[in-house]
Structure formats: C-alpha cells, structure tokens
Amino acid sequence: YALSGALTEPEDMREQYPALKRDLSGQREADCALPISVQIKLITKIQNGHFEECRAILGQARRSHSPEAALLLLSRIAGEYGIDPGPMLTAYRRHLAQGHEAEIWNLIISNTRELCNNVNSGKQRGLAESATVIRQFIDEHWNDPDMSIKLLADRFTLDGTLVSKIFKAHTGMSF
C-alpha cells in the first residue's frame, strides 16, 4: 500500500474517481488522434488533390495509430468542406462490428480518394466561377486606364499572382 499508492479505502476512491476518469478519457482521446504534423500533411495533400501521397501518409499512420484516429480526421475534413461524413461513419461501424480492421483501412483509403476528388473539383468550380466574374469585370471596364492585375486583385480580394493564373488558365492568354 505504501509503495504502490493504491487506494484501499472507499472514501479515498470516491474522491479520486472523477480525476482518474478524466485521465483515462484524455488517454483514450490521445490514442484516437493523429499527431498534428501528420494531420497537417494529410490535410495539405487532400487540399491539393495528391491522393497517392495521402495513401503513403495513411500507410505510415496505420503502423502506429488506430483507424479511428484517421477516420476522425477524415470526417472532420469532410464536414469542413460540406461533405456528409455519415455514409463513411456508417460503413466504419459495420466493419468495426465485424472486426475487419483491414477493411476499415481500405474504407479510409477509398474515402480519402473521394475527399481528394471532391475538394479538388470544388476548387476547380470555384476557380471557374472566379474566372467568369473577373472576365465579366474586365469586359465591362476594359477601357479603364487603371485596369491592372493589382486593381483586379484588390477588387476581388485575391492575390495578384492567383488572378494572373486564373486569367491565363481560363482565357489561354496572359493579362
């Protein structure tokens, strides 16, 4: 008793129970979270549509983390991009109930591919919409002597380099 620090009196246990419960809950949450560096890498690769690099990151995470950790991150990313994570979570629960961890990782990888595609197509739609609006503005104000990339960047609160790239990508010519 004196060496282990174990609590043997019920009164002592009652006082320590909430603290121990919090500690266990915190440990459980830590086990279900990918390190922040891995999260940042994965989020960046998903945003840029680099699926194969995402697969490699998940392959490394698979060796030392639970599938729940990756699934939590993917469902959070999906939610941030307006994608319903419900079907992914339902499939996860089904595989979890059957005890198929390999299938859970396959599910995570396929959902990562879908996220990469959805995020990338959303970006493309956004760039196409931006290009249309910028082009309309130029068409309406083409004779303005102050017309410049800087004017467009200020007008649309975009970086000048991005405005230039959008214009070139959607018109085939430089500004």
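## Exercises on a predicted model

Gln39 is in contact (heavy atoms within 4.5 Å) with Leu34, Leu73 and Arg76, leaving aside its neighbours within four places in sequence. This is a predicted model, where local features need pLDDT of at least 70, side-chain atom pairs count only at pLDDT 80 or more, and totals for chains, interfaces and linings use all residues. Residues are numbered from 1 along each chain as its sequence is written, and side-chain values use heavy atoms, with hydrogens and water left out.

**Exercise 1. Find the helix that holds Gln39, then decide: is Gln39 buried or exposed?**

Step 1. Gln39 sits in helix H2, residues 36-47. Helices here are DSSP runs of H or I, at least four residues long, numbered from the N terminus.

Step 2. Take the cut-offs: buried is under 20% relative accessible area, exposed is over 50%, and partly exposed is in between, with a 1.4 Å probe and protein chains only.

Step 3. Gln39 has 12% relative accessibility, so it counts as buried.

**Exercise 2. Describe where Leu58 lies and which residues it is in contact with.**

Step 1. Leu58 belongs to helix H3, residues 51-64, and is buried at 1% relative accessibility.

Step 2. Beyond its neighbours within four places in sequence, Leu58 is in contact with Leu42, Ala70, Trp105, Ile108, Ile109 and Thr112.

Step 3. Pick out Ile109: it is 51 residues from Leu58 in sequence, yet their C-alpha atoms are 7.6 Å apart.

**Exercise 3. Explain how Arg76 and Glu80 are placed for their salt bridge.**

Step 1. A salt bridge needs a side-chain nitrogen of Lys or Arg within 4 Å of a carboxyl oxygen of Asp or Glu. For Arg76 and Glu80, the N to O distance is 3.7 Å.

Step 2. Both residues lie in helix H4, residues 67-80; being four residues apart, they are separated by about one helical turn.

Step 3. Arg76 is partly exposed at 41%, whereas Glu80 is exposed at 59%.

Step 4. The structure holds five salt bridges.

Notes. Helices (H or I, at least four residues) and strands (E, at least two) are DSSP runs, numbered from the N terminus.
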